[in-house]
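Thank you all for coming; I would like to walk you through one model, beginning with a sheet and ending with the confidence values.

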Amino acid sequence: MVRSSQLLHAVHSGASSAITAEQPLAARSGWLNGQLVPYAPKDAPFGELTLTCPEGQHLHHLDWRTNESVLLLKNVQRLTAPNPGVMTGPGTNSYLVGDPDTGYLVIDPGPADAEHIDRLWRASGGDIRMIVCTHSHPDHSPGAAPLQALCVAHGKRPPILGLSSAPTARANSEFTPERELVDGERLILQCACHQHTLRVVHTPGHAANHLCLVLEEDSLLFSGDHVLNGSTTVVDPPDGHMTDYLESLDKLLKACEQHHIQFILPAHGYVLGNVWGEAHDARACIAHLKAHRLKREAKIWAVMQQHPEGSMDDWVKHAYDDIPSKLWPVAKRSLLAHVERLRAL
Ligand SMILES: [Zn+2]
């Protein structure tokens, strides 16, 4: 959980009002509300259209659906949980990696919603081999146990994998996996002729027990809540930590270089990215995110200098004057994370 808003999501996912003359070939179109809508590279759905329709075909539907999974690649499906909201955007994205020959790995089963769990199980054809939680927040991990129970009822017992929550986690985010994942380890689904390899990248910052996964064969990054599309990750101390968050972004940037990652699949929002080496590829998305954080931090520092006696309530008004005031209570958590970081520098 915890990111700013559906409001922000709505703003960022809007179609480009005008596709500029310099980039007519770069535009892609997708279906939304029954209409074919053009999007420019800077628009939120562009990465998803590039991944699903690499030749620019008009085949992909962008409406958020919870009743069936969306095929993003032949071995990657996304099933969005029915929990849209201010903190979850269109809902939590659960991902299924695998195929009928290798079986499936589920990333983020989401909340303990019986229908969502049932749909996940059905989308896997009843063959789930592993369940991984990117972190323990209530919109990500509570579905793990009921999903495992459903598998057990049908004769299989996929392990629940992840990282244990730290003592700093809130009560609703306490979590202990059946097996603790190790930074850099590889989770492998395989059959006689091929395999899918997911490499674990520990990325504290949004939550102390947060991890991302690199799907090596397809050069994809599953980013959990560390990188989102259409909203901003909230860093909520003490379990959230701004310096850790920024250092984890650097770590993800390195992973993108190493694996030529083109696309990022976030836990909330559409796929991000573009083809390797083009503007808005995964590296550019992460670099932009870091620059945005540091710009915000510079603004916060200036506000602290101008209002040295100010309270957090005073500072949030000035430092986040570009977002609606109803989001300030959430922004105040990230503000605190920046203030703690600035005081420690
Ligand atoms: Zn989340």
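Before the first pair of residues, a word on terms: strands here are DSSP runs of E of at least two residues, and helices are runs of H or I of at least four, numbered from the N terminus, while two strands pair if DSSP finds at least two bridges between them. This is a predicted model, in which local features need pLDDT of at least 70 and side-chain atom pairs count only at pLDDT 80 or more, whereas totals for chains, interfaces and linings use all residues. Residues are numbered from 1 along each chain as its sequence is written.

Gly224, then, stands opposite Pro266 in strand 14, and strand 13 (residues 220-224) runs parallel to strand 14 (residues 263-266), joined to it by four bridges. The open sheet has six strands in the order 10-11-12-13-14-15, with mixed pairing. Its edge strands, each pairing on one side only, are strand 10 (186-190) and strand 15 (272-273).

Turning to a loop, Pro54 lies between helix 2 (46-52) and strand 3 (70-73). Is Pro54 buried or exposed? Pro54 is exposed, because it has 10 other C-beta atoms within 10 Å, where 12 or fewer counts as exposed, 20 or more as buried, and anything in between as partly exposed, with C-beta atoms placed from the backbone.

Finally, confidence: the chain averages a pLDDT of 92, and 92% of the residues score at least 70, pLDDT being the predictor's confidence in each residue, from 0 to 100.
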